[in-house]
Amino acid sequence: MAFRYLISCFTVVCLIGVSSIHADEKIANPRLISQEPFSRSDTPKKFDLPLKAMDIDINVAGQVVETTITLTFFNPERDELEGQIQLQMPQGSIVSGYALDINGALRDAVIVEGETAQMVYEDIKRRGVDPGLATLIRPDLFNNLVYPLPAETTRSIRIKFISRVKQRKNFTIPFHLNEPVEDITIKANFQGHRSKPSLSIDAHEITMKGPKKGLYSAATSLKNTRIENGIKLNLTKPRKSSSLYQHSNGTRYFEIFERLPKTKSRKIKKTKNMRLYYDASWSRQHTNKAAEVALINDVIHELKPTQIELISLGGKSDRHSLVLNKKSNDLLKSVNSWLDDVTFTNNSKLENAFANDNAPADICLLFTDANYKFEASNITLPNCQLHVISSTSNTNRLYGLWLAEEGGGAFHYLTQDNQAEITSAIQRPSYQLRTIHIAGGEADNIASMNTKDGYQHIIGTLSGKYATVTLGYGAGHRATQHKRYRFGTQKPLNFDGIAPLWAAKKIDRARIAPRIDYDEIVKLSQKEGVLTPETAFLVLEEYEDYIDFNIRPPETEPELRKEYDNALLEYSEEIAEARTDYIETIQSDWDALVEWHNTPKSVFHERAERRKQARLERERRWAEERARHQNDPSSQSHTYDEDEFEEMVVTGSRITHSDLPNRPQTIIKPWTPDRPYLRILKETPITNWPLKLLALQVEYGDNSIFYFDVANFLMQENQQPLAVSFVLNVLELDALDSITLLQLAETLVDYGATYIALPLFDRVIAQAPKNLKHPHRKYALAHMRIAERAKDKATKIKHYKKALDILSTLIVKPMGHYNEGDGTEIAMLVEANNIISKLNDLGQSVPSFKQSLIHNMDADIRLVLDWNTAATDMDIWVIEPSGEKAYYGNKQTNIGGQMSNDITSGYGPEFYLLKSAPTGTWKIYVDYFGSDIIRANGPVSITAWVCINYGRVNEKCDKAYTELTDDEQEEYFIATVTFEAPDNVATTESASPQQ
């Protein structure tokens, strides 16, 4: 669920930071906000745009409402803008359509994996053409970015969403307009109701016509009207709790929506063994602890257990148990004392809590927000009836419901006024759906999910004329009560809105697993046209744009699809040639690098000497010319640019470092940012750190940078276990995109916690854009580092081979648009050959690797720069001892320094190689050109690897790290490398950025 947070920072500012909205005025819904499209200010100017027209089409079948809204808004400014449209939908709604006007006609969007869509949008926007991006900030908050909004011009979008209404409940579409809208049109159709429904806007009821063939309808047009309290639908009692629908494509769907049956057993008067799991992780910091403690006391008072086991999840430890065998009053006192000591901090795992639950219990209570971001996929639930309770607004209700269903209990959302109701429900065993049986027909693709308030919701496709669906219910894991539903005897409702609802249920099931199946979610989302937090709607302008990003246009645009398909046929040979050219380019670039590497050092030294002599000769002639001009004032004046005379002096002699008996010495100054919480920690005695960390977390713990900074400080203080535990709190944050996950995985590798890091890399790969090579390369380098640290040969070979397999795929297989053929493959080839060399030293051959790409690129110095954002231009600069600067404009220096291609679209890597180093000092800088993408998780993180004797047995690599913001767009000193002739020692020193 990470993608929605890529723009969450931008969204929050929009919601609360626009000066035109007064504190006592409700936020408009829908809301149209605009800003300058390429503003990089932390507080860009934002303002509301006027809504010119709103067309609302409501289609109701039974208790399912399909709402289609077309919004036309106006840019009154004289400048081109970027717009953001937000729509608060009814709770539980599902977005099933989005369109943006292109050249005056609405064009349907296609669904794309979320982070990929964000990258495409930013890329297209920089070209100055029309992209539209629609995402979910929350499940019921729709967000749309549109560019451009031409000056003094209107643009339109269309949004479609599906809502499921509970039986005997009214339904409100929560529109609120702060200003009158020139034109509002509303049309509504109702089918599947016993009596006439009603529709009203504020206090005004719209005339309802019908029924005509079972259909009721209403329509109205309004001029210069404000809607203050939404559009209200009063839906009459449905004919049945089950319905049959006919989709326009011929598919029939059955739906069952009603309360779970209540058990007939008496309430439990008392129990012997109770187990209480209390989630004290950081994500629960805003829980209503007082209400939870009151409920625990109420349940203990009613059930009168003689033994309670208390287990803390997260908090001060992963698992803390306390078994109490006391009289009721003393037992309650001890439980409350234990709960008083609970502090919300650290990360939690259910598998840790349930791992040792061998003894059965009569009843188990799990107080949690169910936000377990990193779980094993094979959790064994406790040996008891499990009730899941939460009072936290950010609860993962899907996972909480699933845990309760699998545990034979129920999910309870605790508020201040339903404590007695929950206590009663815990006392009586809860029925859950256990079996579904179809007779007389065939049903497949059944999607079922109980709701948080005790309803069951089942949708499935149905073939055959008639069918009987039998549902089995049980308080445990066995069905003891059955209920039958007959389908086919009633006439189906003609309605397409049930299909997105069915797809959403299927997606919910794919999302509740401890390890979310991102591929399945994206596949279902694309197939059924349902927007999810993991995906986005994307509209592009021309078919060439769709080709560039390998995105097929929507089915509703047949002409555009025809152009796209014809172009693909026409370009198929060119695409094949491009693939061939891609391989040939890599081979050619690699051959050139090999040729450079094989060039004798004397050639570079001779070239440097020739250029030195040429410079001296130019200086001599310049001096003579200036003297002549000074002696002859009548001579024509001439201005000389001193930049003509390059500083290319080579001093000292080369040291053959590969022949050194000892490993070169490396000195790294740790990066120490000037953060207030780090200053506080430095002034705090180490014995007081646990309490101080908790206090600092309360103040600063909503940002991932805090955890990375503090963990780095703890590592410097030799507190590795505490550093690992603390940095894992990043998993508790809501704003958790793949960039932050990747940074966490790399940090854990740095800290030696590879058993946690590798599964995180797996999750990053599953979540990140599929055509992005950066996370795959990082994954390969993580395996390489694990191999280098391993003590046994088998482990080394295993991880080196894994790293090589990943790099081989990245090098020879084009993956898509981003960073393809820009030189990153050459950097990875250097790394792959380093691995091949190490495998050869271990007696391993690599026959699958292309022989023409094998050459160990060993070097006295290898510098590599990469960063963690797309649409960001960074450059590595190296000032050599001669004073010559190696950079993208000077790729090969006089002493033989070799610079990689310039990466302008993000991530890197960029590298510098020098096979034979003279004595002297190399100064390493990063030059930050800036970024065209907004990140919710702080500045750009930059990593520089400084390697001495790269690709040799005495290789030594050190990591320099820094962070930069858009306000710091200039060159920054990163490190120095020094080769000293007297002692034959190579040293490296890293500097912190300016604060």
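Start by selecting helix α19 (residues 774–789) and helix α20 (residues 793–812): their axes come within 8 Å and cross at roughly 160°. Axes here are lines fitted to C-alpha atoms, for helices over the stretch in contact, and angles run from 0 to 180 degrees between N-to-C directions. Helices (H or I, at least four residues) and strands (E, at least two) are DSSP runs, numbered from the N terminus. The crossing angle makes α19 roughly antiparallel to α20. Angles under 35 degrees count as roughly parallel, over 145 as roughly antiparallel, 65 to 115 as roughly perpendicular and the rest as oblique.

Before moving on, a word about what is on your screen. This is a predicted model, in which local features need pLDDT of at least 70 and side-chain atom pairs count only at pLDDT 80 or more, while totals for chains, interfaces and linings use all residues. Residues are numbered from 1 along each chain as its sequence is written, and side-chain values use heavy atoms, with hydrogens and water left out.

Now show the side chains between α19 and α20. The α19 side of the contact (heavy atoms within 4.5 Å) includes His-776, Tyr-779, His-783 and Ile-786. Facing them from α20 are residues including His-799, Tyr-800, Ile-806 and Leu-810. By class, this contact of α19 with α20 has 10 nonpolar, three polar and four charged residues. For these classes, Ala, Val, Leu, Ile, Met, Phe, Trp, Tyr, Cys and Pro count as nonpolar, Asp, Glu, Lys and Arg as charged, and the others, Gly among them, as polar.

Which residues of α18 meet α19? Look for Thr-754, Leu-758, Phe-761, Asp-762, Val-764 and Ile-765. Their partners in α19 include Pro-775, Lys-778 and Ala-782. The contact of α18 with α19 divides into eight nonpolar, three polar and two charged residues.

Tyr-278 sits in strand β21 (residues 273–280) and Phe-367 in strand β24 (residues 363–367), 89 residues apart.

The peptide bond from Tyr-147 to Pro-148 is cis, with omega near -5°, and Pro-148 lies in strand β10 (residues 141–149). Another cis bond joins Gly-210 and Pro-211. Asn-346 is not a glycine, yet has a positive phi of about 70°; find Asn-346 in the loop between α4 (328–340) and α5 (350–354).

Finally, colour by pLDDT, the predictor's confidence in each residue, from 0 to 100. The protein chain averages 81, and 83% of the residues score at least 70. Over residues 635–665, pLDDT stays under 50. Where pLDDT is low, the predicted coordinates should not be read in detail.
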